[in-house]
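Thanks, everyone. I will go through the surroundings of the two ligands in turn. Please have the structure open.

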Amino acid sequence: MSGVDLSVEIAGVKWKNPVTVASGTFGSGMEFADFADLNRLGAVTTKGVASKPWKGNDTIRVVETASGMLNAIGLQNPGIETFIERDIPFLNKYDTVKIVNVVGKTVEEYVDVVRALNGQPVDMLEINISCPNVKEGGIAFGQDPKAAAEVTKAVKEASEKPVIMKLSPNVTSIADMAKAVEEAGADAVSLINTLTGMKIDINRRAFVLANKTGGLSGPAIKPVALRMVYEAAHAVNIPVIGMGGIASASDAIEFIMAGATAVSVGTANFNNPEVTMEIVDGIRDYLEKNEIRSVKDIIGIL
Amino acid sequence: MIYREKITVTSNERLTDDIFDLKFNTKNIAKDAKPGQFINVYSADASRLLPRPISICEVTGDEIRLVYRTVGEGTREFSRLQKGDERFVTGPVGNGYDTDFLNGNFKSAALFGGGAGIPPMVELSKRLDIKTDVFLGYRDVLFLNNDFPENVTVHIATEDGSTGTKGNVMDALRESGVTPDVICACGPMPMLKAIKAYSEEDVIKTYFSLEERMACGVGACLGCVCKTKETDEHSKVDNARICVDGPVFDAEEVIL
Ligand SMILES: Cc1cc2nc3c(=O)[nH]c(=O)nc-3n(C[C@H](O)[C@H](O)[C@H](O)COP(=O)(O)OP(=O)(O)OC[C@H]3O[C@@H](n4cnc5c(N)ncnc54)[C@H](O)[C@@H]3O)c2cc1C
Ligand SMILES: Cc1cc2nc3c(=O)[nH]c(=O)nc-3n(C[C@H](O)[C@H](O)[C@H](O)COP(=O)(O)O)c2cc1C
Ligand code: FES
């Protein structure tokens with residue numbers, strides 16, 4: 001069978017295939033352009049950007065763990081002004097959907113970034129209310145359905161772009177969080193962000209990460225992520241973007257069958273900077289082999 | 001440009017108890033490689049996700065030589081590599097040393113290497129055509145001390161005094177009476193701090209190769225930063241990525 005359809009649609013935006021990259025693991029695409037053809041990605045999702053530059057946490061910021069890693073970057077970013085001047089023009093050279101990941105410490109800061117992006121040539125916003133590495137921001141909104149709904153409403157009012165709310169796995173009920181942001185007007189949800197973890201250096205008798213705790217990502221979290229994507233997809237009617245440990249086409253297809261309309265590849269890029277290309281090709285091969293006309297035919301079949 | 005290549009090991013020899021010498025041919029990496037740059041070596045074990053950054057020790061035609069210490073599971077895996085084994089690598093990564101600038105602007109150089117910081121000094125010394133003194137610091141057992149070009153003077157310091165000056169590279173420098181125009185150094189933080197104190201007092205231009213834990217190894221994750229005195233051009237905050245903005249920094253620009 002030839003000519004399988006890999007395209008999907010999320011909040012009225014058509015993606016040429018269901019594969020994007022997870023925010024924070026791919027910069028704005030520049031650093032991976034030597035390895036991956038950004039034109040062949042369904043979408044590029046950029047590193048979280050705030051209203052002003054953030055300097056992030058002290059080092060050590062990253063450490064490997066069994067089949068995964070912990071990171072506590074602390075959302076270092078150059079601020080929206082530089083992002084608009086430098087990163088958006090870079091991304092515009094590519095024929096792919098552009099998703100900007102937005103962070104803030106207060107509702108007002110989220111709104112400032114979102115307003116600055118109105119009129120800019122980007123397609124969607126992903127609102128990060130789930131970063132576990134910054135005390136003041138993100139996660140405070142991501143662990144309380146009311147606070148999450150408040151950010152969603154404010155962002156939706158301020159933005160002319162479709163809004164994806166990025167959910168934290170560090171909650172009691174992912175379904176309740178997904179429902180809360182759907183009711184508040186979210187156009188889509190993405191999940192999961194990292195799971196809070198820790199590593200201790202027994203020789204130094206100290207925490208490895210300067211921040212003590214960090215976010216666990218990579219294949220180690222995939223079963224948890226898959227279960228949460230399944231639960232969220234069954235709780236809401238808006239599209240779900242699934243992520244957490246995806247490192248191969250078969251991983252991606254698992255998430256799609258569990259209910260994800262699209263998938264994001266994060267930590268796997270560190271292990272193989274060409275992996276996104278292999279995943280796009282692998283999904284096409286799977287569909288061809290199984291005589292499935294469109295990837296849409298397997299979304300949420302379980 | 002950083003290339004991803006599947007390389008085939010041509011040799012992997014043991015130099016000391018815990019120091020190994022890995023050689024492989026590359027299609028493009030060696031052509032572009034500069035001293036001070038590094039190679040990301042990927043594990044064959046999928047549970048070890050992150051590449052191990054290892055400095056380029058020598059470039060000979062298409063061949064890259066890496067000399068590394070076994071410290072954990074990743075480097076222990078590499079130590080078992082045999083001729084014919086394949087691995088993925090990415091490289092060359094980082095700015096490296098600007099040897100044209102060094103040759104053009106200084107009359108004499110002192111290169112300092114401490115322990116696992118010694119390897120990059122080999123290729124650097126090969127590309128310098130000014131008077132060069134190399135100061136190598138070891139705990140006890142020597143390696144790479146015979147791999148420097150003939151026109152380079154090698155000074156050795158060992159902690160136990162078994163060879164050369166007893167003490168560290170600064171003791172060896174004092175003993176030698178060498179007064180360089182420019183310093184290039186790679187090694188443990190206490191060594192870099194001692195060199196900084198010395199070069200600040202005598203106002204000697206100094207470059208450091210820095211190390212930090214890395215994740216992506218290609219400039220995307222912001223895991224590997226060091227603090228900078230001024231706002232960095234890329235990050236817009238007071239830190240720079242060691243992997244691609246470094247690993248070589250002007251000592252005046254970074255805070256150790
Ligand atoms: C730019 C650069 C150049 C380097 N060049 C050399 C070299 O030429 N020769 C050499 O022997 N060593 C070099 N190192 C250190 C080398 O990268 C580490 O020893 C190696 O990554 C340890 O891996 P492991 O799995 O054996 O150790 P583990 O401790 O099991 O590794 C666990 C994790 O920590 C990281 N890690 C551990 N120690 C270091 C370290 N010192 N620096 C950075 N990451 C570390 C590993 O990459 C891995 O992700 C260099 C490091 C950097 C940053
Ligand atoms: C180094 C690193 C930086 C990250 N930065 C961000 C970020 O800025 N914004 C965000 O929403 N998520 C961030 N994340 C989370 C990822 O986007 C993703 O949700 C998570 O890592 C799980 O996917 P993975 O297992 O495929 O990496 C980051 C993850 C890593 C490893
Ligand atoms: S290791 Fe990722 S930016 Fe340097």
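By class, the shell around ligand 2 holds 15 polar residues, 5 nonpolar and 2 charged. This is a predicted model, so please hear everything as computed. The shell counts 22 residues, and the closest are Ser23(A), Lys166(A), Gly218(A), Gly245(A) and Thr267(A).

Now the contacts. Ser23(A) has a backbone N or O atom 2.8 Å from an oxygen atom of ligand 2. For Ile192(A), a polar backbone atom is 2.9 Å from an oxygen atom of the ligand. Asn101(A) uses its side chain: an N or O atom there is 3.0 Å from a ligand 2 oxygen. Taken alone, ligand 2 exposes 600 Å², and the protein buries 98% of that. The space that ligand 2 takes is the largest cavity.

Next, ligand 1. Where does ligand 1 lie? It lies between chains A and B. Within chain B, domain 1 (3-93) and domain 2 (99-255) both give residues to its shell, so ligand 1 lies between those domains.

There are 20 residues around ligand 1, and those nearest are Arg52(B), Pro53(B), Arg69(B), Gly74(B) and Thr75(B). By class, the shell has 9 nonpolar, 4 polar and 7 charged residues.

An oxygen atom of ligand 1 is 2.6 Å from a backbone N or O atom of Pro53(B). Polar backbone atoms also come up at Arg69(B), 2.7 Å from a ligand 1 oxygen, and at Gly72(B), at 2.9 Å. Alone, ligand 1 exposes 820 Å², of which the protein buries 84%. Strand S4 (52-55), strand S6 (63-69) and helix H2 (73-79) of chain B each give two or more residues to this shell. S4(B) gives the most, with 4 residues.

Methods:
Residues are numbered from 1 along each chain as its sequence is written. Chains are lettered from A and ligands numbered from 1 in the order in which they are written. This is a predicted model: local features need pLDDT of at least 70, side-chain atom pairs count only at pLDDT 80 or more; totals for chains, interfaces and linings use all residues. Side-chain values use heavy atoms; hydrogens and water are left out. A residue is near a molecule or strand if one of its heavy atoms lies within 4 Å of it. A polar contact is a pair of N or O atoms within 3.5 Å; within protein, one must be able to donate a hydrogen and the other to accept it, and residues adjacent in sequence count only if both atoms are side-chain atoms. Accessible areas come from the Shrake-Rupley method with a 1.4 Å probe; for residues, only the protein chains shown count as cover. On a 1 Å grid over the protein atoms alone, a cavity is a set of points where a 1.4 Å probe fits but cannot get out, and a pocket is an open set with protein on both sides within 12 Å along at least five of seven lines; lining residues have an atom within 4 Å of a point. A molecule sits in a cavity or pocket if more than half of its atoms lie within 2 Å of its grid points. Ala, Val, Leu, Ile, Met, Phe, Trp, Tyr, Cys and Pro count as nonpolar, Asp, Glu, Lys and Arg as charged, and the others, Gly among them, as polar. Domain bounds come from an automatic or database domain assignment.
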